[in-house]
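User: Hello! I am new to this structure and would like to see how its descriptions follow from the values. Could you walk me through it?

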Amino acid sequence: MKTYKHLYEQIWDFENLYLAYRRARKGKRGRPQAAAFERIQDDELLALQDELRDFTYTPGRYHSFFIHDPKQRLISAAPFRDRVVHHALCRIIEPIWERRFIDDTYANRVGKGTHRALDRATQYARRYGHFLQCDIRQFFPSVDHSILRAELARLIADRDALWLCDRILASGVGVLADEYEMAWFPGDDLFAAERPRGLPIGNLTSQFWANVYLNGFDHFVKRELKCRAYVRYVDDLLLFSNDRRHLLDWRAAVIEKLASLRLRLHEECARVYPTASGIPFLGFRLYPDHRRLKRRKVVLYRRRLRRLLGQYASGGVSFAQLDASLRGWINHVEQGDTWGLRRSMLNIRVPAASPSGAAG
């Protein structure tokens with residue numbers, strides 16, 4: 001197995017840091033932290049380079065807040081300069097794993113994404129009569145740092161690059177502690193409760209490392225279970241077969257394999273269903289010949305749209321921002337059930353903008 005050395009110098013190389021900064025600021029140039037960094041970007045990048053080269057880099061504190069989409073999630077945003085470092089690290093090490101990921105994992109990968117996953121699941125729904133749906137419980141809070149670190153070290157033979165990974169991992173310890181319900185696995189002792197765990201939701205590194213963490217599991221499903229039709233999007237898993245018995249056997253194997261990663265399924269929901277009944281996946285319900293947007297997605301967007309319309313009327317957002325939100329929703333929904341889009345627009349009137357609003 002090939003391992004990779006001499007990575008750290010590439011990470012703190014000034015050109016790599018500059019390109020990482022360009023990626024980190026994309027879509028965020030108007031935000032205070034990004035704007036402050038941009039005003040003195042050369043000084044900031046040189047300071048980061050010195051800290052990384054001299055091993056004095058220390059991540060800052062996360063800013064955490066909850067979102068409801070539809071269930072409550074704790075999002076933790078790193079300071080902007082740390083996000084530059086995350087991009088710099090991922091630009092160098094992500095290609096090492098990208099060529100090792102299976103084709104049918106779709107989250108946080110270039111050329112993949114939600115609609116590619118939906119299309120693939122629909123293709124399998126047309127070919128197979130049954131599916132097993134699995135959802136990992138508390139996935140990001142449960143990611144075990146020792147297991148992840150061992151997987152990173154399996155391919156990275158550069159102690160300095162691993163030092164940076166350790167710094168970023170350590171900065172997230174405890175961020176999701178209140179979101180984690182202690183789970184015990186065979187062989188655990190009392191010290192298992194103190195194992196470092198958790199990847200802050202919102203970090204670029206967390207998104208990438210989630211795929212690294214489950215890469216071995218993906219290959220287990222494909223190679224050992226020999227499941228030809230499998231789709232994963234972060235912690236949502238779909239396995240397809242025409243033999244219901246196979247799926248029930250695979251369910252037991254999946255539970256056992258995930259336990260070796262200190263992960264658990266929502267077992268009460270991990271059941272086998274006929275594909276004709278519809279597959280709830282990524283906000284849609286998929287059928288062999290069509291898909292429908294879930295009602296809760298319509299309700300959530302109607303609430304968001306009403307808030308935006310109120311902000312537009314008071315001058316809090318511009319017409320361009322309102323238009324961008326609407327276009328983003330349309331682009332998402334038109335991939336599936338356009339009736340969901342029409343319902344979301346019912347009884348909603350666009351108010352006139354205030355004199356201070358930037359109407360277009």
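This is a predicted model: local features need pLDDT of at least 70, side-chain atom pairs count only at pLDDT 80 or more; totals for chains, interfaces and linings use all residues.

User: What makes the charged end of Arg-53 count as sitting over the ring of Trp-12?

Analyst: Residues are numbered from 1 along each chain as its sequence is written, and side-chain values use heavy atoms, leaving out hydrogens and water. A charge sits over a ring if NZ of Lys or CZ of Arg is within 6 Å of the ring centre and within 35 degrees of the ring normal. The charged end of Arg-53 is 5.6 Å from the centre of the Trp-12 ring and sits over it.

User: Why is the pair of Phe-55 and Trp-163 called edge-to-face?

Analyst: Rings of Phe, Tyr and Trp (its six-membered ring) pair if their centres lie within 6.5 Å; planes under 30 degrees apart are stacked, over 60 edge-to-face and the rest tilted. Here the centres are 5.1 Å apart and the planes are at 80°, so the pair is edge-to-face.

User: Why is Phe-55 called partly exposed?

Analyst: Buried means under 20% relative accessible area, exposed over 50%, and partly exposed in between (1.4 Å probe, protein chains only). Phe-55 has 37%, so it is partly exposed.

User: And how do you know whether Tyr-124 is buried or exposed?

Analyst: The relative accessibility of Tyr-124 is 2%, so this residue counts as buried. Tyr-128, at 15%, is buried too.
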